[in-house]
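Trainee: I have a new model open and would like to learn how to read it. Could you walk me through it, one feature at a time?

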Amino acid sequence: MKLLMVCLGNICRSPLAEGIMKSKLPEIFHIDSAGTISQHEGEHPDKRGIATAKNHGIDISKQRSRPITKQDLEDFDKIYCMDLSVYEDVISMAKDEEQRKKISLFLEEAGETGNNTDVFDPYWSDMDGFEKVYQVLEKASSVIAKKLQAQ
Ligand code: 4NP
């Protein structure tokens, strides 16, 4: 089972989501992350995200940002988007219904509804913002990891 976590820059939210999901699932799950923009390609995650994950015993420091490709929509079984605008960008890359069905909002998959389905972007925030995002991702990842393992 191959899971792809997607945000805008692949330096703040999706690297944290990748690290947290990896900590909750066995290695049979292949977990990666990507961004919808290529501006940060090759960069490590944001230092504040690396520090926040480290505070929780998770190492995301070796990850590198990369843009999502059409091939990813072929290769991955599930593509989790961090907010609605990312979701719309990824959906627009899908070539057919089979690919569209793989794409979802991460928080919606975790049971959130209404106005609570976006993981807020901590890019213009501070360490406190990253910790808040970490908590949101941690809670959602627990729900999704359980769902995936029950399948
Ligand atoms: P991310 O955060 O999508 O969670 O990685 C951002 C990273 C970079 C930018 C915006 C958001 N940016 O504008 O460069």
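This is a predicted model: local features need pLDDT of at least 70, side-chain atom pairs count only at pLDDT 80 or more; totals for chains, interfaces and linings use all residues.

Trainee: Where does Met 5 sit, and what does Met 5 touch?

Mentor: Met 5 belongs to strand 1. Leaving out residues up to four places away in sequence, its contacts include Ser 14, Ala 17, Glu 18 and Met 21. Ile 31, Asp 32, Ser 33 and Ala 34 are also among them, as are Tyr 80, Met 82 and Phe 106.

Trainee: What is the bridge partner of Met 5 in strand 3?

Mentor: Strands of a sheet pair through backbone hydrogen bonds, in either a parallel or an antiparallel sense. Here the partner of Met 5 is Tyr 80. Strand 1 (residues 2-7) and strand 3 are joined by four bridges in the parallel sense.

Trainee: What is the strand order in the whole sheet?

Mentor: The order is 2-1-3-4, in an open sheet of four strands with parallel pairing. Strand 2 (30-35) and strand 4 (103-105) form the edges, each pairing on one side only. On average, neighbouring strands are turned by 25 degrees against each other, direction ignored.

Trainee: Which strands does helix 1 lie across?

Mentor: Helix 1 (residues 13-24) lies across strand 1 and strand 2, and runs at about 150 degrees to strand 1.

Trainee: How many aromatic pairs does the structure hold?

Mentor: There are two. To classify a pair, check the angle between the ring planes: over 60 degrees is edge-to-face. The planes of Tyr 80 and Phe 106 are at 75 degrees, with ring centres 5.5 Å apart, so this pair is edge-to-face. Since Tyr 80 lies in strand 3 (residues 78-81) and Phe 106 in helix 6 (residues 106-109), the pair ties together parts 26 residues apart in sequence. Both residues are buried.

Trainee: And what is the geometry of the Tyr 123 and Trp 124 rings?

Mentor: Their centres are 4.8 Å apart and their planes at 85 degrees, so that pair is edge-to-face. Tyr 123 is partly exposed at 32% relative accessibility, whereas Trp 124 is exposed at 71%.

Trainee: Over which ring does the charged end of Lys 2 sit?

Mentor: Over the ring of Phe 76, at 5.1 Å from its centre.

Trainee: How many residues does helix 7 have, and what covers its buried residues?

Mentor: Compare the end-to-end reach of a helix with its expected span. Helix 7 (residues 127-150) has 24 residues and reaches 34 Å from its first C-alpha to its last, close to the 34 Å expected. Its buried residues include Phe 130, Tyr 134, Leu 137, Ile 144 and Leu 148. Strand 1, helix 1, helix 2 (47-55), strand 3 and helix 6 are among the elements that cover the buried residues of helix 7.

Trainee: Last one: in which loop does Thr 117 lie?

Mentor: In the loop between helix 6 and helix 7. Thr 117 counts as buried at 9% relative accessibility. Beyond neighbours within four places in sequence, Thr 117 is in contact with Met 82, Leu 105, Leu 107, Glu 108 and Glu 112.

Conventions. Residues are numbered from 1 along each chain as its sequence is written. Side-chain values use heavy atoms; hydrogens and water are left out. Rings of Phe, Tyr and Trp (its six-membered ring) pair if their centres lie within 6.5 Å; planes under 30 degrees apart count as stacked, over 60 as edge-to-face and the rest as tilted. Helices (H or I, at least four residues) and strands (E, at least two) are DSSP runs, numbered from the N terminus. Buried means under 20% relative accessible area, exposed over 50%, partly exposed in between (1.4 Å probe, protein chains only). A charge sits over a ring if NZ of Lys or CZ of Arg is within 6 Å of the ring centre and within 35 degrees of the ring normal. Two strands pair if DSSP finds at least two bridges between them. Axes are lines fitted to C-alpha atoms, for helices over the stretch in contact, and angles run from 0 to 180 degrees between N-to-C directions. Contact means heavy atoms within 4.5 Å. The expected span of a helix is 1.5 Å times one less than its number of residues.
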